[in-house]
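Please find below a colleague's note on the structure shown here.

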Amino acid sequence: MVIGVRVDPAVEQRLDALAQHLGKSRSACIHEAIDHYLLRHGDGDEARRQSEHLARLEQPHWSEQAPGWSVWTA
C-alpha cells in the first residue's frame, strides 16, 4: 500500500539527512517510525503500560504537600 504524506521542506531535509546517516532509504525510516508509533499508541494495553511507567518516573509537583517535620529531623 502506498500512503502519501505532506511534510515541510525542513522536515524532508532532516529525514533525508537521517536516512543517509543511517544508511537507509527515506521510505525505510518512515516505515520504522510508523511501526514505533503504532507500537506505542496503537495498543491500549501498551499505551497504558507506558503511561504508568512514566507516571512512576515523574517527580512530585512542587505544590504537593511537603513531608512532616519528623522526616526532616530523622
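Predicted model: local features only at pLDDT ≥ 70, side-chain atom pairs only at ≥ 80, totals over all residues.

1. Helix geometry. Two packed helices are described by the angle between their axes and the distance between the axes. Helix H1 spans residues 9-22 and helix H2 spans residues 26-41. Their axes come within 9 Å of each other and cross at roughly 100°. Because angles of 65 to 115 degrees count as roughly perpendicular, H1 and H2 are therefore described as roughly perpendicular to each other.

2. Residues at the helix contact. On the H1 side, the contact is formed by Glu-12, Leu-15, Asp-16, Ala-19 and Leu-22. These residues meet Arg-26, Cys-29 and Ile-30 of H2. By class, the contact of H1 with H2 comprises 5 nonpolar and 3 charged residues, with no polar residues.

3. Salt bridges. How many salt bridges does a search of the whole structure find? The search returns 3 salt bridges. In one, the side chains of Arg-26 and Glu-12 meet at 3.2 Å, N to O. This pair links distant parts of the chain, with Arg-26 in helix H2 and Glu-12 in helix H1, 14 residues apart. Arg-26 and Glu-12 are also listed among the residues where H1 meets H2.

4. Largest pocket. The largest pocket has a volume of about 340 Å³ and a lining of 15 residues. Val-7, Val-11, Leu-15, Arg-26 and Ile-30 are the lining residues that lie nearest its centre. H1 and H2 each supply at least two residues of this lining. Its composition is 9 nonpolar, 1 polar and 5 charged residues. Leu-15, Arg-26 and Ile-30 also take part in the contact of H1 with H2.

5. Second largest pocket. The second largest pocket holds about 260 Å³ of space. Its lining includes Met-1, Val-2, Ile-3 and Val-5, together with Ser-27, Ile-30, His-31, Ile-34 and Asp-35. By class, these lining residues divide into 6 nonpolar, 2 polar and 1 charged. Ile-30 lines this pocket and is also named among the residues nearest the centre of the largest pocket.

Methods
Residues numbered from 1 in each chain as written. Heavy atoms only, no water. Axes fitted to C-alpha atoms, helices over the stretch in contact; angles between N-to-C directions. Helix = DSSP H or I, 4+ residues; strand = E, 2+ residues; numbered from the N terminus. Parallel < 35°, antiparallel > 145°, perpendicular 65-115°, else oblique. Contact = heavy atoms within 4.5 Å. Nonpolar A, V, L, I, M, F, W, Y, C, P; charged D, E, K, R; others polar. 1 Å grid on protein atoms, 1.4 Å probe; cavity = no way out; pocket = protein on both sides within 12 Å on 5 of 7 lines; lining within 4 Å. Points joined across faces, edges and corners; volume = space filled by probe spheres on them. Salt bridge = Lys/Arg side-chain N within 4 Å of Asp/Glu carboxyl O.
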